[in-house]
Structure formats: structure tokens, C-alpha cells
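I opened this notebook to keep track of what I looked up, one topic at a time.

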Amino acid sequence: MDRSSFASASSGELAAAAVSGLGRPVRVIPLRHPTDTAARGPASSAAAPSSLLSAAMERARGMGPWEWAETALPCLAWMRRYRWKEDLQADLTAGITVGVMLVPQAMSYAKLAGLHPIYGLYTGFVPLIVYAIFGSSRQLAVGPVALVSLLVSNVLGGIVNSSSELYTELAILLAFMVGILECLMGLLRLGWLIRFISHSVISGFTTASAIVIGLSQIKYFLGYSVTRSSKIIPLIESIIAGIDQFSWPPFLMGSVFLAILLIMKKLGKTNKKLRFLRASGPLTAVVLGTLFVKVFRPSAISVVGEIPQGLPKFSIPRGFEHLMSLMPTAVLITGVAILESVGIAKALAAKNGYELDSNKELFGLGIANICGSFFSSYPATGSFSRSAVNHESGAKTGLSGIIMGIIICGALLFMTPLFTDIPQCALAAIVISAVTGLVDYDEAIFLWGIDKKDFFLWAMTFITTLVFGIEIGVLVGVGFSLAFVIHESANPHIAVLGRLPGTTVYRNTLQYPEAYTYNGIVVVRIDSPIYFANISYIKDRLREYELKLPVSNRGPDVGRVYFVILEMSPVTYIDSSAVQALKDLNQEYKARDIQIAIANPNRQVHLLLSTAGIIDMIGAGWCFVRVHDAVQVCLQHVQSSSSNSIKLSPQASGNLTDSPKAQQRHGFLKNLWKAQDGNGSTDEAQSLLRQNLV
């Protein structure tokens, strides 16, 4: 059999030819071509990848009228199956509990955003009810949150004074922009983009933001004005500079309220019977503060002041000339919405036994923000704390959200005159107690212990957010996250495999040092897709294995590598750049008498390699189902050549740039093609194969 016919032989023929002189056949599972109709049954045909458009069309054709209605209005999914006896009481309890918690929180967060407290109530009214209709989560509590309020204050404070009417108009416009972005991401199914932000970046960002939020509210405790900033250094400088204006009454009152809130929050978390304390803490602080002011009328305590009575009026957002300056913040708030809302919504859905589509969730949040912007709301999103209370209070459906909206509606219609004497320090204490849960120092300790790279991400995001502000902190954190992703992708893990004793299983020799390896044969597993960004690194590593021979413990000493087996089961994808690089690599290997073998490629990769002509270049007989099959065939070639007493000189083994004449003289593969004549002793080869065949 000449070299060309040998290279085109099937795996079974190759094995038979290789051992014709050894007298012991090798059992090789034939690798079928991906286009072979016999290899594709109904199951594989059904599993063949189809375009997203055709898949969507197929789903649409299979949907009935109710399914179409539920897609447009997700609330119909729980309305159709609502159990009045079992669910109504739980939804009422949860809705009232969270609604009572939301009223003072909404006013507090509006103050944090630099807005009048009434806009916090507006943001907790319309978006909450709209989300209950269009949102897919049944436990998520939507409304104003601390982090988004800080972002609004940070960006608008750099554009216009917070006391001007334009400030409020831009905050409302921001809600409209965030809603549009969320709807677009939901419709285009782009929610996966946020996966590139690692958990360590999110934790570092929220921890730094919580500290900035707490320092920004400390002015209501100290009794004097503090510079509005999202950077810690100007805040601390401003606090120190005004220390001579310190006032004891608001500090004492605020500290007492903060202590009450933290104690009630702690008791509510640790004792199920006292769970109601966690939700009633903000209301308790507001009621006690209001009573104290009404009774004693302390002049040193600043109060909220007059709050307009009545529901918000319909109005179209204004200030579109500032659209471009608001766009970065709108994108950032949309990202926070995905992280906070979608993250907790999916967790709550899993706990309550129903499925949630993150893209539908984004669309529901977008509709809520768009509708809210027409009724004077600033950006709303899902709240961690209120959603947790809603779940713990037994909420079963979105009806609990509607009940929360009704409570806010009642507060707007009838209770705003009572809010006039709420102390500012009480609202500040509510904000500070809420953000203490965002300070995640435990995560930093955990990351330090298990992964220094993730700890570096956490620390870098935390420090840059504190020192340079929220936008810079997020950009730096996301930038480093993407850099790590790109680095890991461009430098994939590559392992040299060996056979575990007594098995046909091949594993990383670093993890299993006892694994058998064979002289002249290197088995390499590439643990990633192969594409333009990492093919150069892969080629360098293969070259390294060729020059620095792995320590082998089986087979005759042939002095160098003659077979490179690529275990391709982890390779899910290969692109055109990698195809060309593999062709070049094969040509280089041929010039140095090295044969490539491929083991276990998936259907897509096998089809691409075949279409590109690589299978023909390597030889169809050098493609195997199992690594073990490839090793057996290569091993028998090594043994057959060894039995012919072929021994390479040190120069031939180490110098890969010999002249063509020297390569021809010492070419190992030439002896492989002649090994079938059966000359020489075969005892050693048969002995080794008995160990290899299990």
C-alpha cells in the first residue's frame, strides 16, 4: 500500500493494514462522515441547527389564541389559573405589607435622586401597576431604588441645578429613554449581553455605590449641606469643611431612627414570627419622626414640607435636546435594571416553580418605564429588598403588585397632608438602612480565598467607583471583565492526555500523573472553540510539545514526536482563520514527518473540516471516534517501525530544519508505510498492545 492510498483508507482498513505484520487486529470504531445519510436518523435531523427566524416561525405557527394573548399580556397566565381561596389572602397580605414599606422608601429615594418626594410616590404608582400587567415575574416589586436614584442624581447634577424645573423634566425623560432601551433589548433578545459583566464587578460596584449613597445622606444627620457628588473624596472633604456647622438634634434623631430600622430589619430576617418588622421599619421611623415634630416643633430639625395632593397628570416628556448627554446614563441604568430586576426575578421564579423569560421581563420593565414617564415618574426597576419581602410575605401573583399600587394611590389622594412634617433625617435613615445590605465585604473575603483574579476585579471596580465616580467605575470594571474574557478565550486551556491504567479513558496528565503516555505520540485536548483569536496560541503550544518532549512511560524510545492526536470533543466551533492555520500546520508537520490524527470531532466541526479539505489533506483514515482508537493505530506504527530497527540520530531528533535529503534519510513515516511487509520481530509490539487493549 503506497502513501496516497494509505492516507485515503478508512479507519477500519487503516487499522487492519497497520497490524498485518503484527497478527493482532485493532478494534476501531469507524467515524462516519457528517453528510452520510446513514449516520443521520430522525433524532439527529431534528436536532440539526436551524436559523433563529425559522425557529421563531415554527413556534408562532404552533401557538394558539390564548398563547398569543399571554405573550402580549403575561398577566393572563396567572389570571386564568387564579385560585381565589388560596391566593387572594396571600396576595393581599404581601401587597399591603410591601405597599406600607414602599410609601416612605419612595419619598426617601426621590430625595436621594435630587427630586421632590412626590416624584418617588409617582414612580411607585404607575410603573408598578403597568408592570403587574406586562411583567412576567409574579413576585418582583418594581419602583424607585437607591442605586438608580444615585445614578439619576449624579448625571443630572452635572447638567442642571436640582432646584430647577428642567432637572425634574430630565429625570422623567430619563425614564422614557430607559424604557425604550429595555423594550428594544427585550424585542431583539439582547439580554445575554449583560452576562459579560462578572459577579465580582457587580459586587464591587454595588458596595462602593452603597458607601457613596450613605455619605450623600449623612448631611441630614449633620444638619448642614454637603457637596453633591458620586466621588468619595469630594464628599469627605465637604463633610470635614462644614464640621463647624454640626447640629446635635438631627444627628441624635437620625441615629435613633437608624438604630431602630437596623434592629427591626435584623429581627425580621432572623425570626420568621417577627417577619413583619422588616417591612414595617420604614413606616415606624416616619410615624415616630412625624409625631415628634408635631409635638415638640424643634427648629433644628428640617422637614419634608408641603407635598402636592392628587394623582399625577398625563404629560409628554420634555427636554429632548439633552437626549445625547443622557444616553450613557440611560444605558447604565438599563444595565442595572437587567442585573437587579432580571436577576432577582429569575431567582424568585425558580423558588416559586414557574419559568421566566428574561427578554419578556425586560420588555415588561420597558413598558412600565415608558408609561411611567407619561405620568411624571423617574426610572423604576425591581427592588431587591421589597421583592424579598414580597416573596416572604407569600405573594403568589402579580395581584400583589396591583395592591401596592392601590396603596400608593390612596397615599397620593388622602395622606399627603400628613407627610408635611416628616423629618428629613428619618428619610435619610431609611435610605442608609436600605443600602447597608448592598455592602458586600463578605464577597471580597470569599474571592480572596478562592480566586485572586476575581478579587482583583472586585477591588479595581470598588476603588475606581469610589475615587472616580460611578460611570468610570462601571467602565473600568466592565473593561477588565471583557479583558479577562478575551484573554481566556485567546489563551485556552490545552492538556496533554494519558490513558488511565486499566481503562480506555484519557485524562490530563497533570491531574493524573499515573496516566500512561507513549513515546512518539502526543495526545492533545483543546478545551475551547478554535478561531482567529486563539489559533496562534494553539499552534505555539503544539510546537512547544514537539520541541519539549513530554515525559513518556510506554513504548520504545524513538527520540521525537511522530504523531499528534488532537482530541476535539470540547471544540464546539472552528472558523475560517483556524481552518487555514490548520492547513498550514499540517504542511509544516508533513515537512517534518509528523502525522496529525483527529479524534471525536462534533458533527459541525467535522463537516467544516471536511468541506475545507482538511480531512482529505490529513487522510480520512486518520480521523477517529475515540482517542483510544487513534492511539492504538499510531502505537502500532511506532512498534512496526521499531521492529525494523529504525533509529534516529540525535541530529535528526532535535534539528527540525534538516535538509530535505536528511529528512528523507531519517524520515520515520516512510518506514510506517513499509511496516506492512511484516519483517522483523513483533513480540514487543504485541506485548504492549495487550496492555493497551482493555
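**Entry 1: surface and overall make-up.** I began with accessible area, which comes from the Shrake-Rupley method with a 1.4 Å probe, and for residues only the protein chains shown count as cover. By that method the protein exposes about 31300 Å², and carbon and sulfur atoms supply 62% of it. I noted that this is a predicted model, in which local features need pLDDT of at least 70 and side-chain atom pairs count only at pLDDT 80 or more, while totals for chains, interfaces and linings use all residues. I also noted that residues are numbered from 1 along each chain as its sequence is written, and that side-chain values use heavy atoms, with hydrogens and water left out.

I then looked up the secondary structure, where helices (H or I, at least four residues) and strands (E, at least two) are DSSP runs numbered from the N terminus. The protein comes to 33 helices and eight strands. For burial I used relative accessible area, with buried under 20%, exposed over 50% and partly exposed in between (1.4 Å probe, protein chains only). Of the 694 residues, 51% count as buried.

**Entry 2: nonpolar cores.** A nonpolar core is a set of buried Ala, Val, Leu, Ile, Met, Phe, Trp, Tyr and Cys residues joined through side-chain atoms within 4.5 Å. The largest has 107 residues, and M107, L121, V152, L156, Y378 and F419 touch the most other members. Apart from that core lies another of 54 residues, including V522, I565, I574 and V631.

Which residues does L156 contact, leaving aside its neighbours within four places in sequence? Taking contact as heavy atoms within 4.5 Å, I found Y167, L170, A171 and L326.

**Entry 3: strand 7.** I next asked how many of the five residues of strand 7 are buried. Five of the five are, so strand 7 (residues 595-599) is largely enclosed by the rest of the structure. Q595, A597 and A599 point one way from the strand, whereas I596 and I598 point the other way. Two strands pair if DSSP finds at least two bridges between them, and strand 6 (residues 563-567) pairs with strand 7 in the parallel sense over five bridges. In strand 7, I596 is the bridge partner of V564.

**Entry 4: salt bridges.** I counted a salt bridge where a side-chain nitrogen of Lys or Arg is within 4 Å of a carboxyl oxygen of Asp or Glu, and the count comes to eleven. One of them joins E169 and R318 at 3.2 Å, N to O. E169 lies in helix 11 and R318 in the loop between helix 16 (276-296) and helix 17 (323-352), so the pair ties together parts that are 149 residues apart in sequence. E169 counts as buried, at 15% relative accessibility.

Another salt bridge joins D357 and R189 at 3.6 Å, N to O. This pair links D357, in the loop between helix 17 and helix 18 (358-373), with R189, in the loop between helix 11 and helix 12, 168 residues apart. D357 is partly exposed at 24% relative accessibility, and R189 is partly exposed at 45%.

D421 is buried, with a relative accessible area of 10%, whereas K294 is partly exposed at 38%.
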